Amino acid sequence: TGVTNSGALSLAGKSTRTLTEGTYWFSSISITGNGQLNIVGNVKIYVTGSIDAGGNGFVNANTPPSLLIYGTVDPTNAANKCTSVSIHGNGVFSGAVYAPAADITVVGNGEVYGALTGKTAKFTGSGMGGFHYDEALGKIGEFVTETPTTTVSNSGYSRFSWREIPF
């Protein structure tokens, strides 16, 4: 069975939401202010629009492989697709983002634990906490479910090699 589009996920101010183990589909994600998205268990999120995670952002008490975010194309309207991912503020992101058509920006003092796959990636900030690559996520895109309603294919990207570079 397919996953149903839950519309836009927007958390602002001090609002919070918890996603328990499962698969979700949002048309976009916006987390601002002290908004917080809590992740419990293994969570897979498909997003067919922009992802803007600021404030306290995603709170994932588990290891990075437990949160997988796929920026993809809306199966009902190909004009809707994920082209931008922004992680900013002071929060810590622990998970993986696979959005091969998106420009990814990480701005601020926060830290990223996991993996990011996008068209481009840019890291800026006065006290950038750092990016900590999780090798367990190296093949996240090799076999990827391309939309919430399709089966697995091997048309994605995977890590061929990597090297550590200073910020």
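Strands here are DSSP runs of E at least two residues long, and helices are runs of H or I of at least four, both numbered from the N terminus. The model is predicted, so local features need pLDDT of at least 70 and side-chain atom pairs count only at pLDDT 80 or more, while totals for chains, interfaces and linings use all residues. Residues are numbered from 1 along each chain as its sequence is written, and side-chain values use heavy atoms, leaving out hydrogens and water.

**View 1. Asn80 in strand β11.** Let us start with Asn80, which sits in strand β11 (residues 77-81). Its relative accessible area is 33%, so Asn80 is partly exposed (buried means under 20%, exposed over 50%, and partly exposed in between, with a 1.4 Å probe and protein chains only). Beyond its neighbours within four places in sequence, Asn80 is in contact with Thr48, Thr72, Val73 and Asp74 (contact means heavy atoms within 4.5 Å). Ser27 is 53 residues apart from Asn80 along the chain, and their C-alpha atoms are separated by 8.3 Å.

**View 2. The whole chain.** Stepping back, the chain has 17 strands and zero helices. Of its 167 residues, 40% count as buried. Among contacts with a separation of 6 or more, 32% join residues 24 or more positions apart. The chain exposes about 8,400 Å², with carbon and sulfur atoms supplying 51% of it (areas come from the Shrake-Rupley method with a 1.4 Å probe, and for residues only the protein chains shown count as cover).

**View 3. The largest nonpolar core.** This core has 28 residues, of which Ile29, Leu37, Ile45, Phe58, Ile69 and Val85 touch the most other members (a nonpolar core is a set of buried Ala, Val, Leu, Ile, Met, Phe, Trp, Tyr and Cys residues joined through side-chain atoms within 4.5 Å). Strand β13 (residues 92-108) gives the largest share of this core, six residues. Apart from this core lies another, of nine residues, including Tyr46, Ala96, Ala115 and Leu137. Leaving out residues up to four places away in sequence, Val85 touches Ile51, Val97, Ala99, Ala102, Asp103, Ile104 and Thr105. In soluble globular proteins, nonpolar side chains tend to be buried together.

**View 4. Val43 in strand β6.** Here Val43 lies in strand β6 (residues 43-47). With 3% relative accessibility, Val43 counts as buried. Not counting residues up to four places away in sequence, Val43 touches Leu19, Thr20, Glu21, Gly22, Tyr24, Ser66, Leu67 and Leu68. The C-alpha atoms of Val43 and Asn60 are separated by 9.8 Å, the two being 17 residues apart along the chain.

**View 5. Asn38 in strand β5.** Now look at Asn38, part of strand β5 (residues 36-39). Asn38 has a relative accessible area of 17%, which means that this residue is buried. Its side chain makes a polar contact with the side chain of Gln36 (2.8 Å) (a polar contact is a pair of N or O atoms within 3.5 Å; within protein, one must be able to donate a hydrogen and the other to accept it, and residues adjacent in sequence count only if both atoms are side-chain atoms). Setting aside neighbours within four places in sequence, Asn38 is in contact with Thr16, Arg17, Thr18, Leu19 and Val59.
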